[in-house]
Amino acid sequence: MAKAPEADAIVLFGGAGDLALRMLFPSLYFLDADGFLPEGFRIIAVARSELAAEDFRRQVREAVETRARPVAVDEAVWSRFAARLDYRAVDATQAGELKAVEAALAGARAPIFYLALSPSLYIGVCQALWASGLATPQSRIVLEKPIGQNLESSREINAALAEVFEEEQVFRIDHYLGKETVQNLIALRFANTLFEPLWNNLTIDHVQITVAETEGVGERWPYYDEYGALRDMVQNHVLQLLCLVAMEPPSDMDADSLRNEKVKVLRSLRPFTRHEAGQSSVRGQYVAGVAGGEAVAAYEAERGQPSATETFVALRVDIDNWRWAGVPFFLRTGKRLPERRTQIAIQFKGVPHSIFGGQATTDLTANRLVIDLQPDEDIELLLMNKAPGLSQGGMRLQSLPLSLSLLKAYSGPNSRRRIAYERLILDVIHGDNALFVRRDEVEQAWRWVDGVAEAWDEAAMAPRPYPAGSWGPAGAFALIERAGRAWYE
């Protein structure tokens, strides 16, 4: 396959929205500051609201300053970056209005079309890009997940994309895949001889994946009420993390080699049945409680009326293949939990026999590999060690962590934590699909998630209430305790 041309412009549809201002413009600014944006690269924001060029640049400047703190914005970089910026007020679903975008592109040969929009607009924008002639074999399109609301709607969006773009031109983005520690998980597994021989059901007891958020749904409730935690978080972020932990070694770092292995994992997920829905899953919805030391409202109060939407999900997932047979994967994600945390905990089995006896045997703890993605990026391997000092009655043992903290290893006076979108936008510019999600991967994930939702419906499983600021319904603890394990806190 011929190497994709370097992109020479990006069009941000939804360019006045929250995602663009919080993440995309700061990411582009930092790429410019580090010299990664090509010379002459243009940035065109597109939204429906009328906005003067000066006001638009002021909003972008404020967003960049907020993200750059405590470091000040470099005035020379900002001057160069601001000269790249343009804003056009158009309806992106109307081909005729895209003439203004074509004029702003000014002959760019390989533009990126970034859809920071509701998935309900994806098909309309794709059709408008085709009708306007802006979609060419050199252009590429970026879509935020989730792609659709279920398998059927995902197929409709993907079919519309396929009518306009080749699969190599489509970049389905999951920003978790741009995080340094997520990419380091690949390096940890496949660049070291230490872990891969142990990465199986002979030595691993179970795996936990937690994606916890402290904030509530708030004003996002119209979107959230349509999707819920299962479709909003499990279908993309959580399953992506599971795939990276569970996949077989790819033959190389080629995009399709990586994505082929992830698809194999998704196809191996054991389907949920009505019976398993009650035994292996928990749905929850937060009620009024205390979060961050303040009283907060229930989800239904934010929404203004009763709702059957879950804001918390816990699942026991089994992967039916040779590597993982018998190893349960415990997944949980939710809103209004006690702390913001994204974490993968790989619990190894204990030693088959303790030679130490007495108190030392009581102290003996199985090894655990803990991968933290947020708020701090860190990898810790917990190992048993002799406790220093003298003791009577045998050797005293203690568990100590070996840390691969990126913050500690690469900290400096001017260091900063990169935004995950920086890595991903740079890959789109160079046409590298490796950290993006392929069509069959999206649809296989939806097929499994739809099965979970259908099992809930058949079992008439309503969300269980949990106080805001807690770790979810009591059933989430019972789910893992039935398997003889406990959540890692």
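**Entry 1: cis prolines**

I started with Pro70, which sits in the loop between α2 (53–68) and α3 (75–84). This is a predicted model, and I read every value below with that in mind. The peptide bond from Arg69 to Pro70 is cis, and its omega is near 10 degrees. I then turned to Pro375, in the loop between β14 (368–374) and β15 (378–386). Gln374 and Pro375 are also joined by a cis peptide bond, with omega about 5 degrees.

**Entry 2: positive phi**

Next I went through backbone angles. Ala106 is not a glycine, but its phi is positive, near 50 degrees. I found Ala106 in the loop between α4 (99–105) and β4. Is Ala106 buried or exposed? Its relative accessibility is 55%, so Ala106 counts as exposed, the cut-off being over 50%.

Arg336 was my next stop: another non-glycine with a positive phi, this one about 55 degrees. Arg336 belongs to the loop between β12 and β13. With a relative accessible area of 15%, Arg336 falls under the 20% limit and is therefore buried.

**Entry 3: Lys335**

I stayed in that loop for Lys335, which lies between β12 (328–334) and β13 (341–348). Lys335 has 4% relative accessibility, so this lysine counts as buried. What does its side chain touch? I noted a polar contact of 3.2 Å between the side chains of Lys335 and Glu213.

**Entry 4: Leu115**

I looked up Leu115 in strand β4 (residues 111–115). Its relative accessible area is 0%, so Leu115 is buried. Leu115 and Ile141 stand 26 residues apart in the sequence, yet their C-alpha atoms are 7.5 Å apart in space.

**Entry 5: cavities**

Rolling a probe the size of a water molecule over the atoms shows where empty space is left. How many cavities of 30 Å³ or more are there? I count two.

The largest cavity has a volume of about 60 Å³. Its lining consists of Leu177, Val182, Ile186, Leu244, Met247, Leu258, Lys262, Ala434 and Leu435. By class, I get eight nonpolar residues, no polar ones and one charged. Two elements, α7 (180–190) and α9 (255–268), each give at least two residues to this lining.

The second largest cavity comes to about 50 Å³. For this second lining, α8 (221–246) and α15 (439–458) are the elements that supply two or more residues. The largest share, four residues, is from α8. Among the lining residues I wrote down Lys145, Gln235, Cys243, Glu441 and Ala445. The classes here are six nonpolar, two polar and two charged.

**Entry 6: helix α15**

Helix α15 is mostly covered, with 14 of its 20 residues buried. After α15 comes Ala460, and its phi is positive, near 50 degrees.

**Entry 7: cysteines**

A disulfide is a covalent bond between the sulfur atoms of two cysteines. I found zero of them here. Cys126 has 1% relative accessibility and so counts as buried. Cys243, which I had already listed in the lining of the second largest cavity, is at 0% and therefore counts as buried too.

How values were computed:
Residues are numbered from 1 along each chain as its sequence is written. This is a predicted model: local features need pLDDT of at least 70, side-chain atom pairs count only at pLDDT 80 or more; totals for chains, interfaces and linings use all residues. Side-chain values use heavy atoms; hydrogens and water are left out. On a 1 Å grid over the protein atoms alone, a cavity is a set of points where a 1.4 Å probe fits but cannot get out, and a pocket is an open set with protein on both sides within 12 Å along at least five of seven lines; lining residues have an atom within 4 Å of a point. Grid points are joined across faces, edges and corners, and a volume is the space filled by probe spheres set on the points. Ala, Val, Leu, Ile, Met, Phe, Trp, Tyr, Cys and Pro count as nonpolar, Asp, Glu, Lys and Arg as charged, and the others, Gly among them, as polar. A disulfide is a pair of cysteine sulfur atoms within 2.5 Å. Buried means under 20% relative accessible area, exposed over 50%, partly exposed in between (1.4 Å probe, protein chains only). A polar contact is a pair of N or O atoms within 3.5 Å; within protein, one must be able to donate a hydrogen and the other to accept it, and residues adjacent in sequence count only if both atoms are side-chain atoms.
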